[in-house]
Amino acid sequence: MIIAHRLNKTFRLPIVMEGRFSAVRTLLSREYRDVEAVNDISFEISKGEFVGYIGPNGAGKSTTIKMLCGILHPTSGEVTINGCSPQKQRQQVVRQLGVVFGQRTQLWWDLPLKDSFDILASLYKLEQQFFKNQLGVLTEILQLQELMGIPVRKLSLGQRMRADLAASLLHDPDILFLDEPTIGLDVAAKKQIRDYLKQMNSQWNKTILLTTHDMDDIEQLCSRVIVINHGAAIYDGDLETLRGRIGLPTVMKIKFREAVSPGYEDFLSASTFQVIGCQDRVITVACNRKETTAMEVLNRMSKLGTIEDIHLEEPNFEDIIHRIY
Amino acid sequence: MSWIHIYFRLAGASLRSQMQYKFNFILSTLLVFLMFGLELMTVSIIIYKFNGIKGWSVYEAGYLFAIMMFVRAFYRIIAGEINGFEKYLVQGMLDQLLLRPMPVLLVLVTRNFRPMAGELVLGTTTMSICLSYLIENKQATLWAIPCSLAVIVSGTIITLAIGLATATVGFWTHRIDELQRITDNAASIASQYPLSIYPKWMRITLLTVLPMGFTSYMPSLYVIRGELGLWILPATMLLAVALLLGALSFWKLGLRHYQSTGT
């Protein structure tokens, strides 16, 4: 059970001076700029949930996660994880957490992978038998057999992510925090990681909180979504409802055989879609496929001339979030 | 007990990592040997030529030098990464350490573990030469040997405390390399020589604000010159422990102000 209660985090950054001796003057100056990274966020996550935590860059996702696992202390508000505060009882809480930061590794860079697991086992004071079993299971599920003897620095990104996942699960934590676990991976590796995560959640009943920029991650994994923008939580619920709210915004580029005759704008002005651009033979329109169908748009457009080619595009999720909230 | 086990486990891992780059490892050990060896030789030749400085013979000065050699070596062995702490703050590397179920400091000090072989060999050689000369000339007795050990222990603790306190300042200022160069590096080099050669303001600084004068100079006054009295050794040890406790609670306060970095 994870409870975040009215979390706030304000970073106080010194204002950087310009000009001569800027470093010294910045050091001595008392001027600060307060940046609110997280603003009054509250939520509760129950055991076994798979929650996607999404929002644009700089929205405060990582800051929230770092407060949840005790790395950062909130300016105000409180976190409890299974009844303990990660700030006050850090050592006790982190024992129940598995954390993966997609852009950093927790493995020992220059040593063979196997060594990292051995070291982690003694860090977490795992019993020998438990460690052997756990590593055996993880090695099999995450297919690490062939990687064990290779120094971590020589692993590919996808291999390293699998190893990092195994490392975060070695002490059998109840809760997993994953900060962009699929970042930089190719399609195959992404799918692999998703399959593992699904298994961790459904078979091993791990509670998982995941941040991502990849909508497919959310769609395939998360039963619940929390959307954050400018440090505030703006949506908390299931993906379907969020979809309903957003609809299916689509951008269509329609290419005609000949140049479009002027006056087309008047003709299209009373439509269920908006013209957002026109270039020579190509007209770009934006519509919401909840309100109108692509066929309807094409039907109407075909009155302007012979259509040669069409191109459909769904704008990326973060753009939409920016627009609707 | 298990913490000590974990310390060696982590330190061993760090050492094995460095062995992946054997050439670099051997070269840096040799360089230390060469650097400090040259410095020691130059200084002793000069002191010898002038028949001592401010009443300190070449063997007495050599003794101070050796004490600091040991202090620096043990400080770096125990807590090398404290001296390079800035990168943990600026690059957010501290995140990972905070996720381990043990004191952050324990994980930190085992990173980049170095055995400091160059310093230890040079320190032992210098110390043996100087002490045996002083004992032969009845200026000191065998009692100086256990005393020297005590001085090295208290000196290491003082240096560690000052280093830790300096690193902690970084939680607020982020950049600490410059500050460390003064408190950690310059002050320990200054303590290689008798404090009496420095101007008054510097002597006072090294005995108050930045009490590195207590690592070697003050206790050595008793050990090899019979000044002050035996009380200076326990007094120094007391000061060392007090400084370390102070530095540790300052460190705990600092951790609350850690800001990490964006991703």
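Residues are numbered from 1 along each chain as its sequence is written, while chains are lettered from A and ligands numbered from 1 in the order in which they are written. Because the model is predicted, local features need pLDDT of at least 70 and side-chain atom pairs count only at pLDDT 80 or more, whereas totals for chains, interfaces and linings use all residues; side-chain values use heavy atoms, with hydrogens and water left out.

The interface between the two chains is considered first. Chain A contributes 33 residues to the contact and chain B contributes 30 residues, where contact means heavy atoms within 4.5 Å. About 3,100 Å² is buried between chain A and chain B, with 52% of it on carbon and sulfur atoms. Buried area is here the accessible area (1.4 Å probe) that two parts lose on being put together, summed over both. On the chain A side, the residues that lose the most area to chain B are I71(A), R104(A) and L123(A), which together make up 20% of what that side buries.

Between chain A and chain B there are 13 residue pairs in polar contact, both residues being at pLDDT 80 or more. A polar contact is a pair of N or O atoms within 3.5 Å; within protein, one must be able to donate a hydrogen and the other to accept it, and residues adjacent in sequence count only if both atoms are side-chain atoms. The side of chain A that touches chain B draws two or more residues from each of β1 (2-14), α2, α3 (90-94), β5 (97-101) and α4 (113-123) of chain A. Helices (H or I, at least four residues) and strands (E, at least two) are DSSP runs, numbered from the N terminus. Helix α4(A) supplies the largest share of this side, six residues. By class, the side of chain A that touches chain B holds 15 nonpolar, seven polar and eleven charged residues. In this grouping Ala, Val, Leu, Ile, Met, Phe, Trp, Tyr, Cys and Pro count as nonpolar, Asp, Glu, Lys and Arg as charged, and the others, Gly among them, as polar.

Side chains of opposite charge can pair when their charged atoms come close. Over all chains, 21 salt bridges are found, a salt bridge being a side-chain nitrogen of Lys or Arg within 4 Å of a carboxyl oxygen of Asp or Glu. Three salt bridges are counted between chain A and chain B. R16(B) and D115(A) meet in a salt bridge at 2.4 Å, N to O. K66(A) and D95(B) also meet in a salt bridge, at 3.3 Å, N to O. This pair crosses between chains, from helix α2 (residues 61-68) of chain A to helix α5 (residues 94-98) of chain B. K66(A) and D95(B) are both buried; buried means under 20% relative accessible area, exposed over 50%, and partly exposed in between (1.4 Å probe, protein chains only).

Within chain A, the closest N and O atoms of the salt bridge between D217(A) and R194(A) are 2.6 Å apart. D217(A) lies in helix α8 (residues 215-221) and R194(A) in helix α7 (residues 187-202), so the pair ties together parts of chain A that are 23 residues apart in sequence. D217(A) and R194(A) are both buried. A network of salt bridges links K190(A), R194(A), D214(A) and D217(A).

Within chain B, R175(B) and E86(B) form a salt bridge with closest N and O atoms 2.9 Å apart. The two are 89 residues apart, R175(B) lying in the loop between α8 (144-173) and α9 (177-190) and E86(B) in helix α4 (residues 86-90) of chain B. R175(B) counts as exposed because its relative accessibility is 55%, whereas E86(B) is buried, with a relative accessible area of 9%.

Two threonines were also examined. T63(A) is placed in helix α2 of chain A and counts as buried at 13% relative accessibility. Leaving aside neighbours within four places in sequence, T63(A) is in contact with K9(A), F11(A), A37(A), V38(A) and L72(A). T29(B) is found in helix α2 (residues 22-49) of chain B and is partly exposed, with a relative accessible area of 26%. A polar atom of the T29(B) side chain lies 3.0 Å from the backbone oxygen of F25(B).
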